[in-house]
Amino acid sequence: MRLALRGTAYRALSELENPVVLVFMGVSGSGKTTVARILADRLGWPFMEGDDLHPQANIEKMRAGQPLTDADRERWLVAVTEWVERRLDNRENGLITCSALKRSYRNAINRRGSGVVFVFLAGSKATIAPRLAARPAHFMPPSLLDSQFDDLEEPQLDEPHIRVDIGPPPGVIAQEILHKLGLGE
């Protein structure tokens with residue numbers, strides 16, 4: 001069985017001999033953590049909440065309503081990449097959340113050129129804004145949503161990814177991802 005991931009043919013992940021790390025990407029509020037946790041439970045794979053890897057200065061800056069710059073994100077992206085690399089070096093599958101808004105960020109995370117598949121959770125501002133408003137305890141305020149969409153460079157055909165619409169409930173999204181990656185029933 002073959003799986004087409006946006007123009008690049010891959011064997012179904014369940015048939016791969018080498019480990020894979022799924023990087024759940026998209027703007028804040030797209031459901032990365034919720035969907036990744038569902039899949040981590042279903043697959044029994046290690047999971048990392050990428051927000052936990054942010055330096056405290058980044059969290060404070062976002063909490064204050066200031067968007068992060070590329071320079072702000074540098075240490076965070078190094079930490080995300082190191083987590084991905086450790087999984088692959090240890091021949092383990094894994095799931096991690098990371099907005100990975102720009103192609104340059106995704107290139108850094110996937111510097112090996114294999115072993116990573118980006119799961120792009122795509123949705124509109126109209127869908128995501130109420131989600132952000134409903135989680136007041138999170139450090140990412142709704143006022144930064146526009147800056148997230150301004151930075152977003154959607155994955156291109158030559159990047160290893162799947163695109164999933166965030167309209168359905170999280171469990172349905174998780175099942176669709178399993179199906180697209182050849183990991184479901």
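## Exposure of charged residues

A residue is called buried when its relative accessible area is under 20%, exposed when that area is over 50%, and partly exposed in between. The structure discussed here is a predicted model. With a relative accessible area of 38%, Arg112 is therefore partly exposed.

Asp89 has a relative accessibility of 51% and so counts as exposed. Arg111, at 57%, is likewise exposed. Glu85, by contrast, has a relative accessibility of 12%, which places this residue among the buried ones.

The model contains 13 salt bridges. One of them joins Arg112 to Asp89, with the closest N and O atoms 2.1 Å apart.

Through salt bridges that share partners, Glu85, Asp89, Arg111 and Arg112 are joined into one network.

Where do the two partners of the salt bridge between Arg73 and Asp151 lie in the chain? Their side chains meet at 3.2 Å, N to O. Arg73 is part of helix H3 (residues 70-89) and Asp151 is part of helix H6 (residues 145-151), so that the pair links distant parts of the chain, 78 residues apart. Both Arg73 and Asp151 are buried.

## The nonpolar core

In soluble globular proteins, nonpolar side chains tend to be buried together. In this model, the largest nonpolar core has 46 residues. Those with the most contacts inside this core are Leu22, Val23, Phe24, Val84, Ile109, Leu121 and Ile177. Strand E6 gives the most to the core, contributing seven residues.

Which residues does Ile109 contact, apart from its neighbours within four places in sequence? The contacts of Ile109 are Val23, Leu77, Val80, Thr81, Val84, Cys98, Ala100, Val116 and Phe118. Two of these partners, Val23 and Val84, are themselves listed with Ile109 as residues having the most contacts inside the core.

Terms used. Residues are numbered from 1 along each chain as its sequence is written. This is a predicted model: local features need pLDDT of at least 70, side-chain atom pairs count only at pLDDT 80 or more; totals for chains, interfaces and linings use all residues. Side-chain values use heavy atoms; hydrogens and water are left out. A salt bridge is a side-chain nitrogen of Lys or Arg within 4 Å of a carboxyl oxygen of Asp or Glu. Helices (H or I, at least four residues) and strands (E, at least two) are DSSP runs, numbered from the N terminus. Buried means under 20% relative accessible area, exposed over 50%, partly exposed in between (1.4 Å probe, protein chains only). A nonpolar core is a set of buried Ala, Val, Leu, Ile, Met, Phe, Trp, Tyr and Cys residues joined through side-chain atoms within 4.5 Å. Contact means heavy atoms within 4.5 Å.
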